[in-house]
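Subject: Structure handover and findings

Hello,

Here is the structure for your next look. Please open it first, then read the notes below.

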Amino acid sequence: MTSGNGPATAPLQFATPIRRYVGWLIDCILLWAVGPLAAFIVWALLPVAAPPVAPVCDLECLEKNIRAALDPYASAEDVASSAAGIVLNATAWLRHLGNLFLYALTLLLFLLMGLVLGAIAYIMWWSITLRRGQTPGKMLVGIWVVRQNGTPADWMTLFIREGLKTMLYLMPFGIVFDFFVTMSNANQPYSLADRFTGTMVLRREAHDP
């Protein structure tokens with residue numbers, strides 16, 4: 001569309017709050033949850049995932065052996081047999097508790113390894129997409145960050161913006177406070193990080209270079 005003074009400028013199509021916060025949530029999931037989930041699936045498929053089998057003699061059985069060993073009317077052979085059973089059962093239970101500890105430790109190590117590898121993969125992806133004004137989450141929801149004059153933001157500006165946003169969201173009610181700051185001006189919905197770095201978030205398809 002044109003006007004008497006020349007071509008009309010299309011209004012900026014800012015990213016909606018839902019897209020912005022869904023993109024942030026996706027980033028959190030990709031960073032913290034995908035790696036451990038994949039590691040858990042791998043761990044569950046391995047033989048080590050089989051839970052340790054408890055001893056045949058349960059705690060009730062162990063209690064009966066103790067009572068039999070303390071029975072003043074029991075014969076010496078019965079007392080000796082019960083005492084031997086107590087020792088064997090207690091040893092079996094100690095071994096079982098050790099196996100349970102190793103079982104839990106193995107799962108914890110797999111989850112920790114998945115978290116580290118997942119975080120490394122996310123950071124590599126994040127470093128690539130950030131050059132285009134996006135994080136992986138922003139890329140998946142179709143939004144990107146540019147300067148407030150409409151030009152592409154450089155990598156350092158975007159890095160500082162994401163760092164400031166992350167520190168703010170780690171504070172209690174930080175994300176709620178940032179939401180109200182962003183929505184305080186419907187015509188210029190700039191977050192605190194946007195105001196500090198001079199950026200804005202647009203729908204990608206509405207502002208492709």
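Buried means under 20% relative accessible area, exposed means over 50%, and partly exposed is in between, with a 1.4 Å probe and protein chains only. Both R161 and D194 are buried by that rule. More on that pair below.

Some ground rules. The model is predicted, so local features need pLDDT of at least 70 and side-chain atom pairs count only at pLDDT 80 or more, while totals for chains, interfaces and linings use all residues. Residues are numbered from 1 along each chain as its sequence is written, and side-chain values use heavy atoms, with hydrogens and water left out.

Overall layout

The protein chain has 8 helices and 4 strands. These are DSSP runs numbered from the N terminus: helices are H or I with at least four residues, strands are E with at least two. Along the sequence the pattern reads β-β-α-α-α-α-α-β-α-α-α-β. The chain has 209 residues, and 31% of them count as buried.

Salt bridges

The structure holds 6 salt bridges. The criterion is a side-chain nitrogen of Lys or Arg within 4 Å of a carboxyl oxygen of Asp or Glu. A network of them links R20, K138, R161, E162, K165 and D194.

Take D194 and R20. Their side chains meet in a salt bridge at 2.9 Å, N to O. This pair links distant parts of the chain: D194 sits in helix α8 (residues 192–197) and R20 in helix α1 (residues 17–32), 174 residues apart. D194 is buried, with a relative accessible area of 0%. R20 is buried too, at 13%.

D194 also forms a salt bridge with R161, where the closest N and O atoms are 2.7 Å apart. R161 lies in helix α6 and D194 in helix α8, so this pair ties together parts that are 33 residues apart in sequence.

Another salt bridge joins the side chains of R147 and D154, at 2.4 Å, N to O. R147 is partly exposed, with a relative accessible area of 26%. D154 is partly exposed as well, at 34%.

Helix α6

Helix α6 covers residues 155–170, which makes 16 residues. The expected span of a helix is 1.5 Å times one less than its number of residues.

Which residues of α6 are buried? They are T157, L158, R161, E162, K165, L168 and Y169. They cover an arc of only 130 degrees around the axis, which puts them on the same side of α6. The arc is that of the directions from the helix axis to the C-beta atoms. The face turned away from the buried side of α6 carries the exposed residues M167 and L170.

An α-helix has 3.6 residues a turn, so residues three or four places apart point the same way.

Helix α2

Helix α2 (residues 34–45) has 12 residues. Its first and last C-alpha atoms are 17 Å apart, close to the 16 Å expected. The buried residues of α2 are G35, P36, A39 and W43. Seen down the axis, they fall within an arc of 90 degrees, so they line one face of the helix. L37 and L45 are exposed on the other side of α2.

Surface and single residues

L112, M113, V116, L117, I120 and M124 form a nonpolar patch on the surface. Together they have about 600 Å² of accessible area. Areas come from the Shrake-Rupley method with a 1.4 Å probe, and for residues only the protein chains shown count as cover. Patches are made of residues with over 30% relative accessible area and no salt bridge; like charges are joined within 9 Å, nonpolar side chains (Val, Leu, Ile, Met, Phe, Trp, Tyr) within 5 Å. M113 is found in helix α4 (residues 76–130).

F173 is in the loop between α6 and α7 (174–182). F173 has a positive phi of about 60 degrees although it is not a glycine. F173 is exposed, with a relative accessible area of 67%.

Finally, Y21 is in helix α1 and is buried, at 18% relative accessible area. Y21 and K138 are 117 residues apart in sequence but 9.3 Å apart in space, C-alpha to C-alpha.

Best wishes
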